[in-house]
Amino acid sequence: MASQLPEEHIRHCMLFGFRKGNTATEATKNICDIYPSALDVRKCQRWFSKFRSGNFDVTDSHRSGRLTTLDNDELRAGVEANPCQIIEELSNSLNQPSKNICRRLENK
(Lines give C-alpha, C1' and ligand atoms only; values in the text may rest on other atoms or scores of the structure.)
Protein backbone atom coordinates (compact mmCIF):
# COMPACT_ATOMS: atom_id res chain seq x y z
CA MET A 1 0.00 0.00 0.00
CA ALA A 2 2.87 2.39 0.74
CA SER A 3 4.04 2.33 -2.86
CA GLN A 4 0.63 3.62 -4.00
CA LEU A 5 0.82 6.64 -1.71
CA PRO A 6 2.22 9.89 -3.02
CA GLU A 7 5.46 10.68 -1.20
CA GLU A 8 4.10 14.14 -0.46
CA HIS A 9 1.25 12.61 1.59
CA ILE A 10 3.76 10.91 3.90
CA ARG A 11 5.59 14.24 4.24
CA HIS A 12 2.34 15.93 5.25
CA CYS A 13 1.87 13.21 7.87
CA MET A 14 5.40 13.87 9.14
CA LEU A 15 4.70 17.60 9.31
CA PHE A 16 1.51 16.89 11.25
CA GLY A 17 3.50 14.76 13.73
CA PHE A 18 6.13 17.49 14.02
CA ARG A 19 3.53 20.19 14.69
CA LYS A 20 1.85 17.90 17.20
CA GLY A 21 5.11 17.73 19.15
CA ASN A 22 6.01 14.12 18.39
CA THR A 23 9.58 12.97 18.08
CA ALA A 24 10.69 11.56 14.73
CA THR A 25 10.52 8.07 16.21
CA GLU A 26 6.96 8.58 17.47
CA ALA A 27 5.86 10.08 14.16
CA THR A 28 7.40 7.18 12.23
CA LYS A 29 5.62 4.65 14.44
CA ASN A 30 2.29 6.45 14.07
CA ILE A 31 2.61 6.68 10.29
CA CYS A 32 3.74 3.07 9.93
CA ASP A 33 0.81 1.91 12.09
CA ILE A 34 -1.43 3.15 9.27
CA TYR A 35 0.91 2.69 6.28
CA PRO A 36 3.31 -0.20 7.03
CA SER A 37 6.81 0.26 5.62
CA ALA A 38 5.99 3.74 4.32
CA LEU A 39 8.77 5.43 6.25
CA ASP A 40 11.95 4.76 8.17
CA VAL A 41 13.08 6.70 11.23
CA ARG A 42 16.19 8.17 9.58
CA LYS A 43 14.14 9.71 6.76
CA CYS A 44 11.71 11.17 9.27
CA GLN A 45 14.62 12.59 11.27
CA ARG A 46 15.94 14.37 8.15
CA TRP A 47 12.53 15.92 7.49
CA PHE A 48 12.12 16.93 11.15
CA SER A 49 15.49 18.67 10.88
CA LYS A 50 14.17 20.66 7.89
CA PHE A 51 11.02 21.53 9.82
CA ARG A 52 13.05 22.70 12.85
CA SER A 53 15.02 25.04 10.57
CA GLY A 54 11.74 26.67 9.52
CA ASN A 55 11.39 25.00 6.13
CA PHE A 56 7.89 23.50 5.99
CA ASP A 57 7.83 22.90 2.23
CA VAL A 58 6.91 19.25 1.68
CA THR A 59 7.19 19.30 -2.11
CA ASP A 60 10.14 17.84 -3.98
CA SER A 61 12.91 20.39 -4.25
CA HIS A 62 14.97 20.93 -7.37
CA ARG A 63 18.04 18.74 -7.42
CA SER A 64 21.15 19.79 -9.21
CA GLY A 65 23.23 17.42 -11.20
CA ARG A 66 24.21 16.57 -14.67
CA LEU A 67 21.31 15.68 -16.91
CA THR A 68 21.68 12.42 -18.71
CA THR A 69 21.85 12.51 -22.47
CA LEU A 70 21.67 8.75 -22.87
CA ASP A 71 19.23 7.85 -25.60
CA ASN A 72 17.41 4.52 -25.23
CA ASP A 73 17.82 3.75 -28.93
CA GLU A 74 21.54 4.43 -28.66
CA LEU A 75 21.80 2.11 -25.66
CA ARG A 76 19.81 -0.63 -27.40
CA ALA A 77 22.01 -0.38 -30.49
CA GLY A 78 25.16 -0.56 -28.36
CA VAL A 79 23.95 -3.68 -26.56
CA GLU A 80 22.76 -5.35 -29.76
CA ALA A 81 26.08 -4.61 -31.47
CA ASN A 82 27.94 -6.63 -28.86
CA PRO A 83 25.75 -8.35 -26.24
CA CYS A 84 28.79 -9.86 -24.50
CA GLN A 85 30.52 -6.59 -23.67
CA ILE A 86 30.87 -5.47 -20.10
CA ILE A 87 29.22 -2.31 -18.74
CA GLU A 88 32.54 -0.47 -18.72
CA GLU A 89 33.04 -1.08 -22.44
CA LEU A 90 29.50 0.06 -23.17
CA SER A 91 30.07 3.11 -21.00
CA ASN A 92 33.21 4.02 -22.95
CA SER A 93 31.63 3.48 -26.36
CA LEU A 94 28.58 5.63 -25.50
CA ASN A 95 30.62 8.18 -23.53
CA GLN A 96 28.29 7.82 -20.55
CA PRO A 97 28.94 7.07 -16.87
CA SER A 98 28.61 3.37 -16.13
CA LYS A 99 26.14 4.21 -13.36
CA ASN A 100 23.72 5.62 -15.96
CA ILE A 101 24.13 2.54 -18.12
CA CYS A 102 23.40 0.23 -15.18
CA ARG A 103 20.32 2.18 -14.12
CA ARG A 104 18.86 2.14 -17.62
CA LEU A 105 19.53 -1.57 -18.07
CA GLU A 106 17.97 -2.41 -14.69
CA ASN A 107 14.80 -0.51 -15.62
CA LYS A 108 14.33 -2.39 -18.88
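At what angle do helix 5 and helix 6 pack, and how far apart are their axes? In this predicted model, helix 5 (residues 87-94) and helix 6 (residues 98-106) pack at an angle of about 110°, and their axes are 9 Å apart.

**The whole chain**

Let us step back for a moment. The chain has six helices and zero strands. Read from the N terminus on, its elements run α-α-α-α-α-α. Of the 108 residues in the chain, 27% are buried. Take the contacts in the chain with a separation of 6 or more: residues 24 or more positions apart account for 55% of them.

**Helix 5 meets helix 6**

Now back to our opening pair. Angles from 65 to 115 degrees count as roughly perpendicular, so helix 5 and helix 6 are roughly perpendicular to each other. Their crossing is right-handed. Which residues in helix 5 meet helix 6? They are Ile87, Glu88, Leu90, Ser91 and Leu94, and their partners in helix 6 are Ser98, Ile101, Cys102 and Leu105.

The C-alpha atoms of arginine 76 and leucine 105 are separated by 9.4 Å, while the two residues are 29 residues apart along the chain. Arginine 76 belongs to helix 4 (residues 72-81). With 43% relative accessibility, arginine 76 counts as partly exposed.

**A cluster of rings**

How many aromatic pairs does the structure hold? The structure holds six. Ring pairs join Phe18, Trp47, Phe48, Phe51 and Phe56 into a cluster. Here are two of the pairs in detail:

| Pair | Centre to centre | Angle between the planes | Arrangement |
|---|---|---|---|
| Phenylalanine 48 and phenylalanine 51 | 6.2 Å | 45° | tilted |
| Phenylalanine 51 and phenylalanine 56 | 6.2 Å | 20° | stacked |

Phenylalanine 48 and phenylalanine 51 both sit in helix 3 (residues 41-52), where they are three residues apart, about one turn of the helix. Phenylalanine 48 has 3% relative accessibility, so phenylalanine 48 counts as buried. Phenylalanine 51 has 1%, so phenylalanine 51 counts as buried too. Phenylalanine 56, by contrast, counts as partly exposed because its relative accessibility is 33%.

**A buried asparagine in a loop**

Our last stop is asparagine 22, found in the loop between helix 1 (7-20) and helix 2 (24-34). Asparagine 22 has 18% relative accessibility and therefore counts as buried. What does asparagine 22 touch, not counting residues up to four places away in sequence? The answer is Gly17, Ala27, Asn30 and Phe48.

Key:
Residues numbered from 1 in each chain as written. Predicted model: local features only at pLDDT ≥ 70, side-chain atom pairs only at ≥ 80, totals over all residues. Heavy atoms only, no water. Axes fitted to C-alpha atoms, helices over the stretch in contact; angles between N-to-C directions. Helix = DSSP H or I, 4+ residues; strand = E, 2+ residues; numbered from the N terminus. Parallel < 35°, antiparallel > 145°, perpendicular 65-115°, else oblique. Left-handed = near helix turned anticlockwise from the far one by under 90°. Contact = heavy atoms within 4.5 Å. Phe/Tyr/Trp six-rings, centres within 6.5 Å; stacked < 30°, edge-to-face > 60°. Buried < 20%, exposed > 50% of the residue type's maximum accessible area, 1.4 Å probe, protein only.
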